[in-house]
Amino acid sequence: RVFIISAVVLFGIQLYCGYKLTLAPITDLGYTDRAARQLAENWDISRIYETMPARHDKYFAIYPNNQILLLLLTGIYKIQYALTGSMNRSAPIFVNALALNISYIYMYRSAKLMYKNKQGGAAKALFAAICGAGSSVFYTYVPFYYTDSLSMPFVMAAFYRYLRGLPYLKGEVKRENLLRALPQMALCALYMALGFKMKGSVIVLLPAFMLYTAIAESEERRRGVRRLAKGAWAAVLAALVIGFIAAASIFTAAFNIADEQDYARYKFPPHHWIMMGMKTRGGYSYRDFQYTLNYETYEEKEAADVTRSAERLENFGFGGMVFHFFKKAAYTWSDGSYLIFYHINSGESSALREFVTSSKVFRYMCTLYHFAMLTAVTAGYFAGCDECRGEKKKVDESWLMRIIFAGVLVFFELWETRSRYLVNFAPIFIMLAADFCNHDGLRFVRKKEKVKTSKSE
């Protein structure tokens, strides 16, 4: 009941923030949003580039990951126009508020599953929800309806479904457990695939789930059968994700947003974003964009990006590369507001917008929350390693979240990065920090109390 009230109150605050912080979107969201409005008017694909700058004449061939966002926004605007006779940003903002709120609900439900059989489980899950309610990302990102927040519910839904299927994966290898686990793993794979089509970093979940499946404790006593079952489940999950991604690709291709000639000339290879990530802080570089775009074919682009990556690696040297990784990590993880002050800087003036975009108090609040969260996450790694060295060698769901966190860290050390890209994983980071406070932090306090008691005696 307490959580339901908090979720409703949260949604009300989210709607208020969305209303007060409404803006005309810029950069990639602006391009996609304007194209969606054009497409919603008469479904003429040829018109989607009318509002684009010249350098983005074939934007959706260069960035096919935004095609699913284009179709989603087009559908939202179509429905809004059918119901109201007009198109404005209130509809996608409302959908984004729902996405963030659903993510919050999934965060709480996931915490309930994790603490289901533990002492004080309900209170611990509620504590995770309270920690989540204190994060600015659930409020300030409402008006910025881009892939960062819209992919968040897919991340959390996949995480939740994996946790739902986990008891059956850990159980004995028998028909009943297999039949119960398969629907959960299928839904998990579906959410991962849809999330990946919207935001490529979501794929981090797949190796994390596969690795945790391999190391998780199992009730199956037959060692050979246990190993075979774990390997089979990891393979099944990967196959399902690949299958759903292929199906989603076929779905988006059916709308012919970009044709084969466009892809052949303009599509960027994945290595472009690795190459871009090897410069200065690892953020977006217009010069690198132009460098890749200047090559005619996909193969030429790929070869050019590999060559430039090799040059940068050689110029860095070992010490320079280590320094680059530290610099890149600082750029990615040091901003507790996740760069929102930049993205919502335009729009009607209001006290709330002024507070979010210009106030040092807001930045200090976000930084304090963010670094407290990162401190708890880091401390949780040490506490978890201590448990693994103990007699029980405990590898619970906390380690699943730690693996995901490590995967996100490594991914953005290699890929083009900025703090905004962490948004869709924020609920998992919050749960991981809350988990340390719920378990390891309390254990540490009790241990110190025991030491004090023994000394006094």
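Which residues does threonine 32 touch, not counting residues up to four places away in sequence? In this predicted model, threonine 32 touches Tyr59, Phe60, Asn66, Leu69, Leu70 and Leu73 under that exclusion. Threonine 32 is placed in helix α2, which covers residues 27–42. Its relative accessibility is 0%, so threonine 32 counts as buried, the cut-off being under 20%.

**Pockets**

Helix α2 also has a part in the largest pocket, as one of the elements that each supply at least two residues of its lining. The others are α3 (59–62), α10 (175–198), α12 (223–253), α13 (260–266), α17 (340–343) and α20. The largest share of this lining, four residues, is supplied by α12. The volume of the largest pocket is about 1200 Å³. It is lined by 45 residues, and those closest to its centre are Ile62, Tyr63, Pro64, Asn65 and Trp273.

The second largest pocket holds about 410 Å³ of space. Its lining is made up of 13 residues, with Leu113, Lys116, Asn117, Pro167 and Glu397 nearest the centre. Here α5 (90–114) and α9 each supply at least two lining residues, and α9 gives the most, with six residues.

**Aromatic pairs**

A pair of aromatic rings is described by the distance of the centres and the angle of the planes. The model has 30 aromatic pairs, counting rings whose centres lie within 6.5 Å. One of them joins tyrosine 162 and phenylalanine 209, whose rings are stacked at 4.3 Å centre to centre with 5° between the planes. Because tyrosine 162 lies in helix α9 (residues 152–170) and phenylalanine 209 in helix α11 (residues 205–215), this pair ties together parts that are 47 residues apart in sequence. Tyrosine 162 and phenylalanine 209 are both buried.

Tryptophan 333 and phenylalanine 405 form a pair with ring centres 5.1 Å apart and planes at 50°, so this pair is tilted. Tryptophan 333 belongs to helix α16 (residues 298–333) and phenylalanine 405 to helix α20 (residues 397–414), and the pair links parts of the chain 72 residues apart. Tryptophan 333 has a relative accessible area of 8% and is therefore buried. For phenylalanine 405 the relative accessible area is 10%, so this residue is buried too.

**Charges over rings**

Over the ring of tyrosine 266 sits the charged end of arginine 265, 4.9 Å from the ring centre. Over the ring of tyrosine 263 sits the charged end of lysine 267, at 5.9 Å from the ring centre.

**Threonine 213**

What does threonine 213 touch, not counting residues up to four places away in sequence? The contacts of threonine 213 are Tyr162, Leu169, Lys230 and Trp233. One of these, tyrosine 162, is the stacking partner of phenylalanine 209. Threonine 213 itself is found in helix α11. With 8% relative accessibility, under the 20% limit, threonine 213 counts as buried. Threonine 213 and leucine 400 are 187 residues apart in sequence, while their C-alpha atoms are 9.1 Å apart in space.

Methods: Residues are numbered from 1 along each chain as its sequence is written. This is a predicted model: local features need pLDDT of at least 70, side-chain atom pairs count only at pLDDT 80 or more; totals for chains, interfaces and linings use all residues. Side-chain values use heavy atoms; hydrogens and water are left out. Rings of Phe, Tyr and Trp (its six-membered ring) pair if their centres lie within 6.5 Å; planes under 30 degrees apart count as stacked, over 60 as edge-to-face and the rest as tilted. Buried means under 20% relative accessible area, exposed over 50%, partly exposed in between (1.4 Å probe, protein chains only). A charge sits over a ring if NZ of Lys or CZ of Arg is within 6 Å of the ring centre and within 35 degrees of the ring normal. Contact means heavy atoms within 4.5 Å. On a 1 Å grid over the protein atoms alone, a cavity is a set of points where a 1.4 Å probe fits but cannot get out, and a pocket is an open set with protein on both sides within 12 Å along at least five of seven lines; lining residues have an atom within 4 Å of a point. Grid points are joined across faces, edges and corners, and a volume is the space filled by probe spheres set on the points.
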